[in-house]
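Here is a short report on a predicted model.

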Amino acid sequence: MGYRAAAPILEGMPRSSRLVLFSAIVLLAAGVVAALAAASEGDAVTGPVTGAPAATAPGSTDAPSSTAVLGFPAIADHGEVRAVRTPAGFVLPVLGGQEGAWEVLTPCATAAVVPGEPVLGAHVVLDPGHGGDEPGAVGPTGLREADLNLDVARRVRALLEAEGATVVLTRDADVRMTLATRASIARTMSPVAFLSIHHNAAPVGRSDVPGSELYHQLADPESKRLAGLLWEEMQEHLAPFGTDWAIGDDPGARARRSMRTGDDYYGILRNAQGVTAVLTEAAYLSNPAESALLETEAFRDAEALAIADGVLRLLRTDDPGSGFKPTKEVAVPAGSGGGTRGCVDPPLA
């Protein structure tokens with residue numbers, strides 16, 4: 001049964017329930033197709049491929065790729081090692097070198113030689129904003145945005161991995177990382193979606209609905225669609241918590257253009273061009289009412305589910321998204337965070 005054939009059954013169900021049921025339908029259909037193919041070829045039916053294929057030597061002409069799972073495309077082996085996971089757990093782009101001595105781009109955007117295991121790619125790259133001596137916003141009780149971003153990213157990873165996705169985090173520890181390295185990781189992984197996860201500060205007003213802001217790239221239609229899908233999911237999953245919501249000048253899904261350069265205002269979106277990327281600002285950490293919610297497991301789970309569901313809808317539906325606002329022209333430069341000045345690399349090996 002396809003999505004359109006199942007529409008009468010799904011009509012009227014909550015969106016999250018529709019996604020779960022749709023996933024089950026797709027999985028059942030995939031199993032039937034696999035069984036018929038195996039029978040026609042005389043092969044035994046095997047389970048789904050969940051592990052990444054082994055890395056091949058540079059220049060290899062026999063480059064395998066992983067199996068597409070529930071709407072996620074296969075991860076291609078490019079015939080060369082483009083990224084490695086270091087012994088300390090960092091996934092970093094490879095600049096050169098060889099097995100056991102890879103030259104990588106470090107978190108501080110310098111070069112270093114380290115051992116590491118090849119990482120072929122990812123379906124989704126999650127970027128927990130800030131980290132280390134760049135805490136981001138700080139809530140009234142001392143909750144650091146950097147810690148909150150990482151916790152939510154880990155929850156999103158768990159949800160997407162349960163759906164069969166391969167997910168990479170730009171940082172999986174409280175370390176400082178430059179925008180250049182974060183974006184390089186995204187480009188190297190060639191994901192279908194790159195999410196830079198943040199939480200907001202300095203509101204200008206109050207609202208009876210969440211003031212979530214989703215920023216998309218200027219020139220990527222899929223980035224805009226993903227932002228609109230995330231806007232819908234944020235409203236569905238966060239609004240039931242009902243509180244004294246804070247808002248900025250115009251919440252919704254939008255792009256920001258630098259009036260100085262004419263390009264994407266946010267460095268993480270500008271440097272990741274070529275990859276569908278969105279920067280999320282789900283709630284206002286500086287608002288005491290929302291900060292209290294952000295300290296709870298339930299609200300963090302809801303935010304993570306909103307982000308995961310937005311990504312799944314991008315892949316599994318033709319939904320256009322909504323909540324779109326006109327591009328905002330910005331004259332003032334972006335903040336200095338994410339640069340190399342004063343950055344000290346953590347141990348990588």
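## Sheet, spaces and a loop arginine

N200 stands opposite Y284 in β14. Strand β8 (residues 193-200) and strand β14 (residues 277-284) run parallel, paired over six bridges. Strands here are DSSP runs of E, at least two residues; helices are runs of H or I, at least four residues; both are numbered from the N terminus. Two strands pair if DSSP finds at least two bridges between them.

The model is predicted: local features need pLDDT of at least 70, side-chain atom pairs count only at pLDDT 80 or more, and totals for chains, interfaces and linings use all residues. Residues are numbered from 1 along each chain as its sequence is written, and side-chain values use heavy atoms, with hydrogens and water left out.

The open sheet has six strands in the order β7-β6-β8-β14-β10-β12, and its pairing is mixed. β7 (167-169) and β12 (252-254) are the edges; each has a single partner strand, so one side of each is left without a neighbour in the sheet. On average, neighbouring strands are turned by 20° against each other, direction ignored.

The table gives their contacts (heavy atoms within 4.5 Å). Axes are lines fitted to C-alpha atoms, for helices over the stretch in contact; angles run from 0 to 180 degrees between N-to-C directions.

| Helix | Strands | Angle |
|---|---|---|
| α3 (residues 145-162) | β6 (124-128), β7, β8 | about 145° to β8 |
| α5 (residues 221-238) | β8, β10 (213-216), β12, β14 | about 25° with β14 |

On a 1 Å grid over the protein atoms alone, a cavity is a set of points where a 1.4 Å probe fits but cannot get out; a pocket is an open set with protein on both sides within 12 Å along at least five of seven lines; lining residues have an atom within 4 Å of a point. Grid points are joined across faces, edges and corners, and a volume is the space filled by probe spheres set on the points.

The largest pocket has a volume of about 970 Å³. Its lining has 44 residues; Y265, Y266, E281, A334 and G335 are the closest to its centre. One cavity of 30 Å³ or more turns up in the whole structure. D77, H78, E80, V81, R82, V119 and L120 line the largest cavity.

Where does R144 sit? R144 is in the loop between β6 and α3. At 19% relative accessibility, R144 counts as buried (under 20% relative accessible area; exposed is over 50%, partly exposed in between; 1.4 Å probe, protein chains only). Beyond neighbours within four places in sequence, R144 contacts G132, P135, A137, D174 and L285.
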